[in-house]
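Here is a short report on one protein chain.

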Amino acid sequence: MSGSSSSSSSDPDSPRATRVTAVKTSETPPSTSAPDFQPSPTFAPTSETPPPSSASSSSVARSSIQSLSSILSSVPSSLASSPNPSFSLLHDPIISSQISSLLRHPDSGSGDHNLCRWLYDTFHSTDPQLQLVVLRFLPIIAGVYLTRVSRRKSLAGFEAILLALYAHETTARRGQPVTVHVPDLSHSSIYHEAKPSTKTNATELNLAVISSSLEPHGTMRSTKRARIVGVALELYYSKISQLPVTSKIEFCEFCEIWAGQEISNHGDDNNGSNAANKEKRKGRIPLAWELLQPTLRIIGHCLLGPHRNKELYDAASSATKSLYARSLHDIDAKAILATSSLLRLQKMASDPKNNVGYTEIPKVNVITL
Amino acid sequence: MADADSQSQECETVRELCANGVCIKTTEVEAKLDEGNIQEAESSLREGLSLNFEEARALLGKLEYHRGNVEGALRVFDGIDLQAAIQRLQPSTNENSNSSAVSSSSSTSSKRGRGTRDSQHQHAASLVLEGVYLKAKSLQKLSRFSEAAQNCTNVLDAVGRIFPQGIPEGQVENRLQETISQAVELLPELWKLAGNYQEAMSAYRRALLQSWNLDNACCARIQKAFAVFLLHSGLEAGPPSLGAQVDGAYVPKNNLEEAILLLMVLMRKIHQGTIQWDPSVMDHLMYALSLCNQTPVLSKQLEELKPGVLHRTERWNALALSYSAAGQNKAALNLLRKSLHKHERPDDLTALLLAAKICSEDSHLAAEGVGYAQRAINNAHGEDAHLKGVGLRMLGLCLGKQAKVSSSDFERSRLQSEALKSLDAAISLEQDNADIIFELGLHYAEQRNLKAALSYAKKYVDLTGGSVLKGWRLLALVLSAQQRFSEAQVVTDAALDETAKWEQGPLLRLKAKLETSQSRPMDAIQTYRYLLALVQAQRKSFGPLKIDFQVDDDKVNEFEVWHGLANLYSSLSHWKDVEVCLKKAREMKQYSAELLHTEGKF
């Protein structure tokens, strides 16, 4: 109980506060909590990280790159000398693949994992560009974390990052829910005129809650795990147009793993020896709506967004198929509606019949003025 | 026209350029263009068709565009100063609009004069704007999207200057209107291709909030494209400016709201028959509304569809899903019964599984559910073979539920063993499906096979990483049923640590009962007090926006707490406290057998 009261009373308004709480909780662990859920003391502020407010954003980025070079085997020297180092860091494919493979390593994610610590510190720099670098790896962090969480291993490093993202979003929203009004067409809007109807009283707006109110969480309570990761994904979605394509493809791939649903390729599942499929099914996780809903928004962007990347489209298509199959397995009506509509839209988008160019001028044999 | 023979010979390939009632073949001009002599080609057109410089260039550009030589078209268009031509169009227009204000009551002759001048202006405007539009299209084909967008913007700006009051209906030459509509539709697409989403957003709004005299189909296409962009671009661009607001009209506050509004406007046009049925509009709306938990609105949209638009079974099934998602399972089941009728689509797997699931939650419907589940299993083959396990799971659940209301012991045990068989078959197909593991645990617990129940409950907590509250509770309850109270309490405490305060109610109640069973009344009283504070705080502070994800099935009520406390105090012979608690409990529920029992003892 001591853990719960200290965390919920902590000040959610500053990321520093969360950091301190995380450390405090680990010093006085709740008597009965499993050892998995203790954030490590190594996340305490150290002298290595410069105070974020006093340095300009690009020097923060440079020092961040410098500390990264002690973790990765090779960091191109061009990175630190780039005019916009955090942007280069976000889009550098060599760095990304090194970080990705370190995050996917079987021993990653513990409390003393130095890469996790780097990501945690980097997110706490005040530079929004650097924060994007951390968000860029969220698919792998969340993906590996959720598929590994049942194996009773310490994942405090991953948890600290996810909690930091959650705290950031909580602060940004001041804990308030995100809502949408679903309009009632009997009242005129900027896009239509309503006939003067018999009903003249106030319009009936349906208030829809997209994301409910946020309470501060200083530790990763297992029953709140889906919500915390879900909110981190909401943050990811809000920045998605700035994130590199590979990050989104990685997310689509994890969706397939999470769904744990092999899409039957007629006949070859009879032997049951399909290694890749078996591996995929190993990662099946509970897909609560609080996790599935932001997931489907991201998948919607990857599938139907304005990008023109074939690889991303294909990854999103197969993620959609897997999630649809999973929603049938769960017989989850809302998920079936959302995924089946995406699947039909995907089929329509792939059909050349539906891609008529209305802005093309018709071909004629007689050209007139 | 003398060489009619040769013309008919080349009928397929020969194209013509026509103006001022004269036509010439394209071949000669094309030959000159191919040699790079734009000027010669131009002058031959000016002479042959008596055209001015701009007209000749516009015609040449069009020719190049038509034969797919977009680079050539660009070279031709670059030769004319379109910007200057556009500017030349304006003063006369101003004068025109002035005169129209004055001449509103003047003679018909001046009106006719204005009319011809209008059409001359429009013709010239049409020529120039089409040229700029084709330049934009050429640039698009060369993947120079930003430049293309800039040219397209020039077209729209010019239109805005020619018609400052918006385009009057029915007074614009067809050709000009066509170019305008195409430019309006093309501009946001170009900005999207250029990767400039902010500009795309404002281009869409400009297209839809200003008057361009677009036809219904074109307007609907733009509205749909914009809705899709709002839904999926991942860019929160802020609401449209209030300047666009006609007084009192509803202005959406964010992208999702705006997208839903547009899609609903489109659906209304479909209902009214102003535009053709487009299944993708419905699918986009279905996606958006289900993500907002607004499936009742979706049901309404589906109900309003005219018959024949969507196949009736498809509509029933979609309606059933949206009712069920909103918790209206009875209505959903009635629709599914219709669509699963033998004359409709009795083999639809999604419908069968949903019907079976709904039935599995009600012991009086369980027998009906067994039938659906059985049919689902029989139909799970080919591409749908992976759904066999789901069918078996539903069969097990329905049989288990049916067993609860069976009239004889023999029948009950038969149903229970069949239920177990189905669940076992289901788990063998889906070994990592946590739901089946939980259901097996529950099934064994109900049959007092506590050893098996315990192993499944543990497995469930492991597999879900302790993320599901009901798993912790099942584990604690099974341990407590085995009289292993202290272990049950360790589990409950661990569960409390993994749960946020607001959701601790059921666990605290369990904890209090466990402490009572272990003859630790003082601890139990402490727990009850804590629970009481929680329940009272929840009663006061639950707003409509608070969603409890995991405890909607089992809320603790205050009466229970007071009653539990009364029992505890009475076991401690604290009679005064018993009296207080009983009084409080009676305020909540006047007649209760349990309460009378405690009172009797008291």
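Chain B holds 29 helices and 2 strands. The model is predicted. Some overall values for chain B follow.

| Property of chain B | Value |
|---|---|
| Buried share of the 602 residues | 52% |
| Share of contacts with a separation of 6 or more that join residues 24 or more positions apart | 56% |
| Accessible surface | about 27400 Å² |
| Share of the accessible surface that belongs to carbon and sulfur atoms | 50% |

**A pair of helices**

Take helix 11 (residues 216-232) of chain B and helix 12 (residues 255-272) of chain B. They pack at an angle of about 150°, and their axes lie 8 Å apart. Angles over 145 degrees count as roughly antiparallel, so helix 11 of chain B is roughly antiparallel to helix 12 of chain B. The crossing of helix 11 of chain B with helix 12 of chain B is left-handed.

Which residues meet here? Helix 11 of chain B contributes residues including Cys219(B), Ala220(B), Phe226(B) and Leu230(B). Helix 12 of chain B contributes, among them, Leu256(B), Leu262(B), Val265(B) and Lys269(B). The residues of this contact between helix 11 of chain B and helix 12 of chain B divide into 12 nonpolar, 2 polar and 3 charged.

**A single residue**

Now look at Ser299(B), in helix 14 (residues 295-304) of chain B. Is Ser299(B) buried or exposed? Its relative accessibility is 3%. Buried means under 20%, so Ser299(B) counts as buried. Leaving out residues up to four places away in sequence, Ser299(B) touches Leu319(B), Ser322(B) and Tyr323(B).

How values were computed
Residues numbered from 1 in each chain as written. Chains lettered and ligands numbered in written order. Predicted model: local features only at pLDDT ≥ 70, side-chain atom pairs only at ≥ 80, totals over all residues. Heavy atoms only, no water. Axes fitted to C-alpha atoms, helices over the stretch in contact; angles between N-to-C directions. Helix = DSSP H or I, 4+ residues; strand = E, 2+ residues; numbered from the N terminus. Parallel < 35°, antiparallel > 145°, perpendicular 65-115°, else oblique. Left-handed = near helix turned anticlockwise from the far one by under 90°. Contact = heavy atoms within 4.5 Å. Nonpolar A, V, L, I, M, F, W, Y, C, P; charged D, E, K, R; others polar. Buried < 20%, exposed > 50% of the residue type's maximum accessible area, 1.4 Å probe, protein only. Areas by Shrake-Rupley, 256 points an atom, 1.4 Å probe, with all protein chains shown as cover.
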